[in-house]
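Reader: Please take a close look at one part of this model for me. I would like the local details first, then the setting around them.

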Amino acid sequence: MEPVDTDVTGQEKRDGEKHDGGAPSGGEAVVEQPQAPTLAELLLAVEELWPESLAENWDEVGLVAGHPAAPVTRVMFAVDPTLEVIDEAVAWGAELLITHHPLLLKGVTTVAATTPKGRAVHRLIESGTALLTIHTNGDSAVGGVSDVLADALGLQNVAPLTVAANGLPEEGIGRVGDLADAMTLGDFAARVFGILPSVAGGVRVSGDKDGLVRRIAVCGGAGDSLFNEVRASNADVYVTADLRHHPASEAREAALNGRPYLVDVSHFASEWLWLPAAAAALGNVLADQGHEVEIQVSTTNSDPWDFILTPG
Ligand SMILES: [Zn+2]
């Protein structure tokens, strides 16, 4: 698979400028150096940004592997805890891998290295790499997955499609907002294509290419459970991932004046956008607390699809 073109902002590379033994000499005031946080301290910063109370009931978020007392100098963000991603984190020297998707969402009775999940658990523990899941709490929070998507599309007056049960009015799953100016569905789809990382599946659209759209609903990841909320929001378009035949075709049958049109994108790509924003947000909170941590976004493309055939 092609690596994703990442552009993590706000990160300072410390390679090649180690400070140990290089303290300036001669009676200068002692300046407090930023310190590496422990994993436990880092989890407090994570809780500030993406509280676990925002996660859906069915979800499993939080620490999957790792010692709370272990120092963390390097953190990697990724969508999926695949073995390829874990290997990338280990090779870079990350003591913590933060993924959007859980490694262990369903109950397991073995983590033997004879299974893919078991191999992942072994690789993490044997390399001393902690794993943390920020899933639906990352979707729901302000600055979460759908917020980042809405922002990248240039939406204004953004509100959640469903308000969080345990959160603020601006927290919840999905977002809806307005483009600054109406545009055709074709142009809007091109904008969606342009903001997402390049993946084999591209972008699929259902609707009139020349139809004008302005009000846009988005849900990063699989969003076909939110059609009632999308209709209630009067959106002209719904951008989400993993749209299956029946929910999509029934939504199109029920559409008024053809709307909402549908834009179906890669699940991975729709959630990948959040990673650089999350990395920057965590870096800022840690810096405010006097901690110094290097944070990178994984360059592994964990979209499961590799190529596509289309007519014409
Ligand atoms: Zn997802």
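Author: Arg 74 counts as buried, because its relative accessibility is 16% and the cut-off for buried is under 20%. This is a predicted model, so that value is computed from predicted coordinates. Arg 74 sits in strand 2, which covers residues 74-78. Its side chain has a polar partner: the side chain of Glu 294, at 3.1 Å. So Arg 74 pairs a buried position with a polar side-chain contact.

Now the charges overall. The protein carries 18 positive and 45 negative side chains. The centres of these two sets lie 7 Å apart.

Helix 8 itself runs over 245-253, and strand 10 over 261-265. The loop between helix 8 and strand 10 holds Asn 257. Pro 260 is placed in the loop between helix 8 and strand 10 as well. Asn 257 has a positive phi, near 50 degrees, and is a residue other than glycine. Asn 257 counts as exposed, because its relative accessible area is 69% and exposed means over 50%. Pro 260 brings another backbone feature: the peptide bond that joins Arg 259 to Pro 260 is cis. Omega there is about 5 degrees.

Finally, the setting. The protein has 10 helices and 11 strands. Of its 312 residues, 46% count as buried. Arg 74 belongs with the buried residues. The radius of gyration is 21 Å; a compact globule with 312 residues would have one near 20 Å, so the two agree. Along the principal axes, the C-alpha trace spans about 75 × 50 × 40 Å.

The accessible surface comes to about 15800 Å². Carbon and sulfur atoms account for 52% of that surface.

Notes: Residues numbered from 1 in each chain as written. Predicted model: local features only at pLDDT ≥ 70, side-chain atom pairs only at ≥ 80, totals over all residues. Heavy atoms only, no water. Helix = DSSP H or I, 4+ residues; strand = E, 2+ residues; numbered from the N terminus. Rg over C-alpha atoms; globule rule 2.2 N^0.38 Å. Buried < 20%, exposed > 50% of the residue type's maximum accessible area, 1.4 Å probe, protein only. Areas by Shrake-Rupley, 256 points an atom, 1.4 Å probe, with all protein chains shown as cover. Lys, Arg positive; Asp, Glu negative; His and termini not counted. Charge placed at Lys NZ, Arg CZ, Asp CG, Glu CD. Polar contact = N/O pair within 3.5 Å; in protein donor to acceptor, adjacent residues only side chain to side chain.
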